[in-house]
Amino acid sequence: MLAGGKSRRFGGSKVLAPLSGAPMATWGVRALQAAGLSVGVISDEEGVEAALGLPTRPDLEAGLGPMGGLWTALQWASERGDDGVLLLGCDMPLVSEDLLRTILAWSEAAPAVVPVGPEGPEPLCALYRSTCTPEVERRLHSDDRSLRGLANAVGAAFIGEDAVARVADAQTAFLNVNTVQERDRAEDLLGPRASRAPASP
């Protein structure tokens, strides 16, 4: 899970911000775990490891944005003997287990698998295999640290909106909480799940 620094639009850090009775990141963590994944968090924020009960690492090099977080995650995966990572932003609480399983199963050959939502490819909810690492490293200090650009460069497989809609509500699954108003909308959309807020570890 990618849990970056403070968000100016949100007014502070999002990873532990309360959402429907639990830290915001908890909703994505539970979906990742339900999909059978072992979860680690890329964050340099104090208290995240204790609050989420998950192993946490800071970026290998600060200031490189999501690309730097992906690089750190891929290095961590390599140490663990894993072939890659399913990267998920901490501020995407409506991503479901079914959607994550679809991403994992979509293509064994593609270096990356990226679902497409109403606003285009969603690279902060995507699978990146270790074969992406050289291109990630090439872009770290370039003028283009866009994850969408990375996906195109490595020849990612894209899951179209129609396929996404078969396993998730494509209009809301990728809601990215960047403002307090979006957090309020996420709480409304969580609906019945909010009364079963995942317990903190």
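## Helix α6

Let's start with helix α6, which spans residues 147–154 and has Leu 147, Gly 149, Leu 150, Ala 151 and Val 154 as buried residues. Bear in mind that this is a predicted model.

At the start of α6, Ser 146 places a side-chain oxygen within 3.2 Å of the backbone nitrogen of Arg 148. After the helix comes Gly 155, with a positive phi near 75 degrees.

## The second largest pocket

The second largest pocket holds about 460 Å³ of space. Its lining is made up of 20 residues, and those closest to the centre are Ser 38, Asp 82, Gly 84, Val 85 and Leu 86. Two or more lining residues come from each of α3 (65–80), β5 (84–88) and β8 (125–129).

## Thr 72 in helix α3

Helix α3 also contains Thr 72. Is this residue buried or exposed? Thr 72 counts as buried because its relative accessibility is 2%, below the 20% cut-off.

Leaving aside residues up to four places away in sequence, Thr 72 touches Ile 42, Pro 58, Asp 59 and Leu 60. Gly 36, by contrast, is 36 residues from Thr 72 in sequence and 21 Å away in space, C-alpha to C-alpha.

Conventions: Residues are numbered from 1 along each chain as its sequence is written. This is a predicted model: local features need pLDDT of at least 70, side-chain atom pairs count only at pLDDT 80 or more; totals for chains, interfaces and linings use all residues. Side-chain values use heavy atoms; hydrogens and water are left out. On a 1 Å grid over the protein atoms alone, a cavity is a set of points where a 1.4 Å probe fits but cannot get out, and a pocket is an open set with protein on both sides within 12 Å along at least five of seven lines; lining residues have an atom within 4 Å of a point. Grid points are joined across faces, edges and corners, and a volume is the space filled by probe spheres set on the points. Helices (H or I, at least four residues) and strands (E, at least two) are DSSP runs, numbered from the N terminus. Buried means under 20% relative accessible area, exposed over 50%, partly exposed in between (1.4 Å probe, protein chains only). A polar contact is a pair of N or O atoms within 3.5 Å; within protein, one must be able to donate a hydrogen and the other to accept it, and residues adjacent in sequence count only if both atoms are side-chain atoms. Contact means heavy atoms within 4.5 Å.
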